[in-house]
Amino acid sequence: MAELGVWVNSTCTTDIGLDRAVYIKQSFKRLHIAFVVCIALSLPVLYGQTEIPEWCRALPRADYKSLQRVPVSDPWFEVYRLAPSVFAIYEPHQSEETISYLIVGDNRAMLFDTGMGISDIRKVTAELTRLPIVVLNSHTHDDHVGNNWQFETIYGMDTDFTRENARGSREDAQAEVAPDQICGHLPERFDPKAYATRPWKITSFTHDGDRIDLGGRSLKIIATPGHTPDSISLFDSANGLLFTGDTYYPGTIWLYRPETDLAAYRTSIRRLAALAPRVKMVLGAHNFPVAPPSVLPHLVTAFETVRAHKVPATPTSVGKATYKVDDISFLMHAPESRP
Ligand SMILES: [Zn+2]
C-alpha cells in the first residue's frame, strides 16, 4: 500500500509539474484535468485501501454481534468480554484476524499473545486493567508476538524456536502489510515500510504442566506442539476455559510451515480432546473467539480423515492445498509436494 502511495504521488507530482511548465502556453483546462485525475488516483490511498480484498468483504463476522463489546479508544482493536475478567482483543483490519486474550486475576493479569504489533496493545490493556501484566505467547509466530517488546515480564517456552524468534524478524511481518492483507485503515502513526517484529526479552522460561497463579485464577500450560514447536494451550480448569492458540481456531488452520510437525500436532489435539468434558469454552487465536468443546474431538476426527487421504485437496497457492471436513479446514502441503 505504501509503495502504491509513493507511485501515485510521484506520478501525479510529475504530471502536475509538466502541466505547470506548459501552463502559461496551454490551457488552464489541461491542468484542471490532471488535477482531477491525480485526486481520483490518490483517493484509495488516502482512504487506506486500494481494492477491497475478498476476505475483507466477508467482515464483520455476524457472530460477533452475540458477544459483549467493550469500548476502547484505539479503533485498530475490538475488545469483547467473554467471561468475567476475560477479554478477547481482536484485530479485524488485518487478514490474520488475530485474537489476543487478557485474562485477569486478583493480583495480576496475563496477556496471552500480544497481536500484530501494528497498533498499541499495551494502551488497550491499560484501559482494561490496572494490574501488572505477564505476557505469554500461544507460540511465537509474528502475528502473536508483535507487541511483546512493550512489556517487562514475558514468559517463554523453553525451546530453540522461541529463543530464535525472540530476536525479532522482518520478512514475515512485511508480508502481513501487503495491500491485500489490510482491511480499512492502518493506524495513522504506523509506518508499513519500517514494520518488523521487534526483539523481546524472555524473563523466565516455562514448561509443559507449569501453573501460573494470577490470584484467584490458576492457568495451566499444556504444551501442544505441532503448528510450531513452541505451541501451547492454556487451561483455566476452574472456569472451563481452554485457550488453544493456533492449534485450533475456526478459520483454516495453517499446517504447512517448515516448523510444523504433523505427528506432534496429532498427539497434541488428542490431548486437548481428552480435556473436552472439563471444557466449557474453546478460545482460539484467530477469526472468532468462542467455540464449543465439541470442536476438540471433531478436530481429531477431521485431522485423521485428512491424514487417511479421504478428503480431496483443493489447491491454493503453489505447493499448498486446503483440506476440509465439515466446518474444520487445514492448509497443508499439496499432495504432490508433501515432504
Ligand atoms: Zn501461527
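Against which helix and strands do the buried residues of helix 9 pack? They pack against helix 8, strand 14, strand 16 (320-325) and strand 17, where contact requires that the C-beta atoms of two residues, placed from the backbone, lie within 7 Å. Helices (H or I, at least four residues) and strands (E, at least two) are DSSP runs that are numbered from the N terminus.

This is a predicted model, in which local features need pLDDT of at least 70 and side-chain atom pairs count only at pLDDT 80 or more, while totals for chains, interfaces and linings use all residues. Residues are numbered from 1 along each chain as its sequence is written.

## Overall content

The protein chain holds nine helices and 17 strands, and buried residues make up 35% of its 339 residues. A residue is taken as buried if 20 or more other C-beta atoms lie within 10 Å of its own, as exposed if 12 or fewer do, and as partly exposed in between, with C-beta atoms placed from the backbone. Of the contacts in the protein chain with a separation of 6 or more, 60% are made by residues 24 or more positions apart.

## Core and helix 9

The largest nonpolar core has 65 residues, and those with the most contacts inside it are Ile 89, Tyr 101, Ile 103 and Leu 299. Such a core is a set of buried Ala, Val, Leu, Ile, Met, Phe, Trp, Tyr and Cys residues joined through C-beta atoms within 7 Å. Helix 9 (residues 295-307) gives the largest share of this core, six residues. When neighbours within four places in sequence are left aside, Ile 103 is in contact with Val 86, Ala 109, Met 110, Phe 112, Leu 214, Arg 217, Leu 219 and Asp 236.

In helix 9 the buried residues are Val 295, Leu 296, Leu 299, Ala 302, Phe 303 and Val 306. They cover an arc of only 120° around the axis, which puts them on the same side of helix 9; the arc is that of the directions from the helix axis to the C-beta atoms. At 1.5 Å a residue, the 13 residues of helix 9 should span 18 Å, and its end C-alpha atoms are 18 Å apart, which agrees; the expected span is 1.5 Å times one less than the number of residues. Just after helix 9, His 309 takes a positive phi of about 60°.

Five of the five residues of strand 3 (residues 86-90) are buried, so strand 3 is largely enclosed by the rest of the structure. Val 86, Ala 88 and Tyr 90 point one way from the strand, whereas Phe 87 and Ile 89 point the other way. In a regular strand the side chains alternate between the two faces of the sheet.

Strand 2 and strand 3 form a hairpin with two residues between them, and Ser 85 in the turn has a positive phi of about 60°. Pairing of two strands requires that DSSP finds at least two bridges between them; the table sets out some of these pairs.

| Strand pair | Sense | Bridges | Residue pair |
|---|---|---|---|
| Strand 2 (residues 78-83) and strand 3 | antiparallel | five | Glu 78 and Tyr 90 |
| Strand 3 and strand 4 (residues 99-104) | antiparallel | five | Phe 87 and Leu 102 |
| Strand 9 and strand 10 (residues 218-223) | antiparallel | three | Ile 212 and Leu 219 |
| Strand 13 and strand 17 (residues 328-333) | parallel | two | Trp 254 and Leu 331 |

Five strands form an open sheet in the order 9-10-11-12-14, with mixed pairing. Strand 9 (211-213) and strand 14 (281-284) stand at the edges, each with a single partner strand, so one side of each is left without a neighbour in the sheet. The twist averages 20° from one strand to the next. Helix 8 (residues 262-275) packs on this sheet, touching strand 10, strand 11 (232-236) and strand 12 (241-245), and its direction makes about 165° with that of strand 12. Axes here are lines fitted to C-alpha atoms, for helices over the stretch in contact, and angles run from 0 to 180 degrees between N-to-C directions.

Ala 223 lies in strand 10 and counts as buried because it has 21 C-beta neighbours inside 10 Å. Not counting residues up to four places away in sequence, Ala 223 touches Asp 208 and Ile 232. The C-alpha atoms of Ala 223 and Arg 271 are separated by 9.5 Å, although the two are 48 residues apart along the chain.

A further open sheet consists of four strands in the order 13-17-16-15, again with mixed pairing. Its edge strands are strand 13 (253-254) and strand 15 (314-315), each of which pairs on one side only.
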